[in-house]
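Subject: Structure for your review

Dear colleague,

Please find below the sequence and structure that I am handing over to you. A summary of what was found follows.

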Amino acid sequence: LTQLEQPVEATVEQAPEKLVEQLDLSDPEALVGQIERLRKLVDHPQPEVRQVVAWALSRSGDYRVAPQLIAMLDDPDLVVAWEASLG
């Protein structure tokens, strides 16, 4: 998430794969603890970042992220909207 919050570090295209590799889905509490950071990135200008945010929020298991996921259904990037629809 630190890389996504500071996209100046160039490898944003690789960020979704790296984040997926690093997240431990067997420990949902770790993901839930990052929800506030993820919410700040919902409107990020880069679609790759929004895609990761939608993916992570979808898997948080926290119903309070539903408004963000619903809003992301209208994202201009179809991959982001698709990822949000899975949530």
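The protein chain exposes about 5,300 Å², of which carbon and sulfur atoms supply 54%; accessible areas come from the Shrake-Rupley method with a 1.4 Å probe, and for residues only the protein chains shown count as cover. This is a predicted model, in which local features need pLDDT of at least 70 and side-chain atom pairs count only at pLDDT 80 or more, while totals for chains, interfaces and linings use all residues. Residues are numbered from 1 along each chain as its sequence is written, and side-chain values use heavy atoms, with hydrogens and water left out.

The chain holds 7 helices and 0 strands (DSSP runs numbered from the N terminus: helices are H or I, at least four residues; strands are E, at least two). Of its 87 residues, 36% count as buried, that is, under 20% relative accessible area.

Helix 7 covers residues 78-86 and includes Trp-82. Its buried residues are Val-80, Ala-81, Glu-83 and Ala-84. Seen down the axis of helix 7, these fall within an arc of 160 degrees, so they line one face of the helix; the arc is that of the directions from the helix axis to the C-beta atoms. The buried residues of helix 7 pack against helix 5 (47-58) and helix 6 (66-72), where contact means heavy atoms within 4.5 Å.

At the start of helix 7, the backbone nitrogen of Val-79 has a side-chain oxygen of Asp-77 within 3.0 Å.

Yours sincerely

Conventions: Buried < 20%, exposed > 50% of the residue type's maximum accessible area, 1.4 Å probe, protein only. Polar contact = N/O pair within 3.5 Å; in protein donor to acceptor, adjacent residues only side chain to side chain.
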